[in-house]
Amino acid sequence: MTSMMSKAEKTKQLRKDVQPFAKSDVRISVMQMINTIVPLLAVWVAGYYAIQFSPWYGVIAGLIAAGFVVRTFIIFHDCTHGSFFKNKKANDVVGFITGVLTSFPYEKWKREHTIHHATSSNIDKKGIGDIDMLTIEEYMEKSKLGRFGYRLYRNPIVMFGLGPLYMVLVLNRFNRSDAKKKERMNTYLTNVVVLALTVVMIAAFGWQAFLLIHGVTLFVAGSLGIWLFYIQHTYEDSYFEYDTEWDYVKAAVEGSSYYKLPKILQWITGNIGFHHVHHLSPRIPNYKLEEAHETVTPLQQATTITIRTSLESIRYKLYDHSQMKFVTFKEAEEIIKQRELEKRKKQAA
């Protein structure tokens, strides 16, 4: 009977099947705040105390804190979706606080991430809240300078090395030109609070200690965050489609990966590896994503990526829509040559 269901019926059924998980549990949410934010603050305090004995203690504290910042960001992320608490005000307050801790403006990121969900894997509407990705055709249409810029952007050293610095110091500090007053004021307030805390910390412990602990924390957490976002949508057979053929469920289940991580890393990353489930239903809180994946059988058909196989995705630079997969620059050059050859043959005929 199931095999005879139409595509529309299957889509409707799948979205219906995940709905029971789209409910927050205030007890679990509060417990998650306690086991995430409290240890984060404790590690920072310990780091500033221990750094007087050796700067390496500060670096170690920063590295440990980075893991808790990633987990804190997942709480922030859930608040932007209104999934961490049932109460909107509670989501907004906790979202702002965790935004300060992670250096992300709540309202700005909320809007941009909402756009990302509504346009994920849509070739015609990508660009906001996404890691930049070009199809082979889009790449060919760019000037030599534009192609160089894109190659530079997709270089791992730039993306995961300079990317976190740009994100924290520039991207998160300024609003988009179309931002409304509420969003602008929230970004300004976040900036003021972050700056005030920075000044206080530097005055109390010195800029060297601040850079060693908070600098390492935000840089490592930022790199990990960019990597997670990258791998969740960049793998060989990821789904990307033009607007006329784009499908929301396909974009969720086929355009978002299941990043299978060891349990400790799954905990640190707040189950965001179940990204296909999250994209299908953003109202599912992070602590119910695994249960939804294990319960709803069709979700288990999503592309599974491990740490080892995820490293292969660093090679992927352009999307070849004709083959529905990512390719390297070298592979793209061969495809372009082949197409030009076929074009000449047709013209000669």
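Between which two helices does the loop that holds N271 lie? N271 sits in the loop that runs between α12 (263–268) and α13 (275–280), where helices (H or I, at least four residues) and strands (E, at least two) are DSSP runs numbered from the N terminus. The model is predicted, so that local features need pLDDT of at least 70 and side-chain atom pairs count only at pLDDT 80 or more, whereas totals for chains, interfaces and linings use all residues. Residues are numbered from 1 along each chain as its sequence is written, and side-chain values use heavy atoms, with hydrogens and water left out.

**View 1. Overview of the protein chain, with 16 helices and five strands.** The radius of gyration (taken over C-alpha atoms) is 22 Å, close to the 20 Å that the globule rule gives for 349 residues, so the chain is as compact as a globular protein of that length; the rule itself is 2.2 Å times the number of residues to the power 0.38. Along its principal axes the C-alpha trace spans about 80 × 55 × 45 Å. Of the 349 residues, 48% count as buried, a term that means under 20% relative accessible area, with exposed meaning over 50% and partly exposed in between (1.4 Å probe, protein chains only). Among contacts (heavy atoms within 4.5 Å) between residues at least 6 apart in sequence, 71% join residues at least 24 apart. The protein chain exposes about 18,300 Å², of which carbon and sulfur atoms supply 65%; accessible areas come from the Shrake-Rupley method with a 1.4 Å probe, and for residues only the protein chains shown count as cover.

**View 2. The loop around N271.** N271 counts as buried because its relative accessibility is 13%. Not counting residues up to four places away in sequence, N271 touches Q266, N286, Y287, L289 and E290. The phi of N271 is near 60 degrees, a positive value in a residue other than glycine. Most residues other than glycine have a negative phi.

**View 3. M324 in the loop between β4 (318–320) and β5 (325–327).** M324 is not a glycine, although its phi is positive, at about 55 degrees. With a relative accessible area of 29%, M324 is partly exposed.

**View 4. The aromatic pair of Y139 and F329.** A search of the whole structure finds 24 aromatic pairs, and rings of Phe, Tyr and Trp (its six-membered ring) pair if their centres lie within 6.5 Å, with planes under 30 degrees apart counted as stacked, over 60 as edge-to-face and the rest as tilted. The ring centres of Y139 and F329 are 5.7 Å apart and their planes stand at 40 degrees, so this pair is tilted. The pair links distant parts of the chain, with Y139 in helix α6 (residues 136–141) and F329 in helix α16 (residues 329–348), 190 residues apart. Y139 is buried at 7% relative accessibility, and F329 is buried with a relative accessible area of 12%.

**View 5. The aromatic pair of W227 and Y230.** This pair is stacked, with 5.9 Å from centre to centre and 25 degrees between the planes. Both W227 and Y230 lie in helix α10 (residues 207–231), three residues apart, which is about one turn of the helix. W227 is buried with a relative accessible area of 14%, and Y230 counts as buried at 3% relative accessibility.

**View 6. Y150 in helix α7 (residues 144–153).** Y150 is buried, with a relative accessible area of 6%. From C-alpha to C-alpha, Y150 and V216 are 27 Å apart in space and 66 residues apart in sequence.

**View 7. R173 in the loop between α8 (156–171) and α9 (181–205).** At 15% relative accessibility, R173 counts as buried. Leaving aside neighbours within four places in sequence, R173 is in contact with S103, P105, V168, T187, T190 and N191. The C-alpha atoms of R173 and N191 are separated by 6.5 Å, while the two residues are 18 residues apart along the chain.
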